[in-house]
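Here is a short report on one protein model. Look at the structure first, then read on.

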Amino acid sequence: MNTNIKINKVKEIFKDYGKVALAFSGGADSTLLAYLAKEAGADVLAITYDNQIFPTGFLEFAKRRTSELGIRHEIIENNFLDVGDVVENTPQRCLVCRRLMYGAIKQRAFDEGYEIIIDGNNVTDLTHDRPGILMKYEFEIESPFIEAELETPEIHKFLDENNIEYSNSTTCLATRVKTNEIVTIDKVNRIDHCEGYVKEITGSDVVKLREEKNVATIELSDLDTILDKEKIDSIVEELKLSQFDKILLNLKAIESDDELILDDELEKGANKLTLRKRLPFGINILETDRILKNKENDHISNIETIEDIGYIKLHIDEKESRIFRDGKISIKNNKNKKDAKESLVNILPYIRRTV
């Protein structure tokens with residue numbers, strides 16, 4: 001299925017919805033959803049959740065883009081620095097965040113007369129280590145991009161080709177602080193300021209500053225933009241003034257991890273390929289088994305769960321397959337990489353991860 005067919009499928013989904021509330025951050029996914037909703041003539045309410053720890057300009061951008069798109073916009077404010085699990089920066093932080101966010105968005109949507117709530121999760125997101133996605137299922141949030149099988153690269157390409165503006169700075173700044181280190185307003189403000197400064201000096205599209213024990217590690221999408229003595233000296237001086245003890249540069253540029261299947265995940269057999277993929281999280285095989293057996297799906301059959309060993313045996317597109325508790329997925333008898341990816345996409349929405 002090519003990108004245009006998938007985009008048209010999203011528009012058809014909006015026509016079926018008619019009236020829908022959208023969790024809107026101004027990032028690539030939610031911006032394209034807003035754009036396509038308007039194209040389809042849907043009655044759309046964009047709801048932005050401001051947790052007070054997003055980068056500077058996040059809220060202003062969301063306001064401007066919804067205005068330009070001609071979409072009604074509501075804002076929910078909640079200071080996450082008053083939330084214990086966020087401040088303590090526990091491994092449960094993202095789960096707590098999404099529970100609060102989706103709960104509030106769903107309530108606001110219902111109050112405004114919108115019964116269908118959607119978010120920008122796409123197929124690629126299902127392969128990333130984001131425990132908060134479990135809240136999408138708990139709160140029954142719809143994801144049109146997953147239904148249409150859209151991937152992150154396709155979304156970015158469509159936005160760029162159609163000159164649709166979106167923000168690259170929609171990531172919660174608490175994620176920059178090392179897990180289990182306390183998150184404070186001073187840390188958040190310092191990270192926000194320093195990221196903005198580095199971005200201004202370098203011009204790099206994406207800048208992230210990781211903090212651990214008062215050490216700053218700078219990550220950029222384009223290392224060439226910082227490899228200049230005058231720029232480095234200026235950045236070091238500014239970050240020292242911001243009271244960092246040490247400033248490090250990650251020599252590995254921020255790279256997209258958006259490819260669903262890597263070449264080395266395909267094992268050659270006599271005539272066919274076997275996909276052996278390892279997801280970066282564990283899989284709840286009992287819940288996944290329940291979901292698979294309760295959903296009608298022409299692509300999946302012969303489901304059998306062997307709990308004591310820890311895997312699900314099934315056929316995906318009539319191919320012998322396994323889903324393992326430790327996150328491994330095996331799909332046999334693929335003709336080529338495209339064929340393997342199609343089968344992977346057919347199973348990902350039904351997998352339920354562990355936290």
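## A buried pair: E211 and R190

E211 is buried, with a relative accessible area of 2%. Buried means under 20% relative accessible area, exposed over 50%, and partly exposed in between (1.4 Å probe, protein chains only). R190 is buried too, at 14%.

E211 forms a salt bridge with R190, their closest N and O atoms being 3.0 Å apart. E211 lies in strand β5 (residues 207–212) and R190 in helix α9 (residues 185–202), so the pair ties together parts 21 residues apart in sequence. A salt bridge here is a side-chain nitrogen of Lys or Arg within 4 Å of a carboxyl oxygen of Asp or Glu. Helices (H or I, at least four residues) and strands (E, at least two) are DSSP runs, numbered from the N terminus.

## How the model was read

This is a predicted model: local features need pLDDT of at least 70, side-chain atom pairs count only at pLDDT 80 or more, and totals for chains, interfaces and linings use all residues. Residues are numbered from 1 along each chain as its sequence is written, and side-chain values use heavy atoms, leaving out hydrogens and water.

## Other salt bridges

The whole structure holds 31 salt bridges. One of them joins E320 and K332, with closest N and O atoms 3.9 Å apart. E320 sits in strand β12 (residues 319–324) and K332 in strand β13 (residues 328–334), 12 residues apart. E320 is partly exposed, at 32%. K332 is partly exposed, also at 32%.

R72 and E74 meet in a salt bridge as well (3.5 Å, N to O). R72 is partly exposed at 37%, while E74 counts as buried at 19%.
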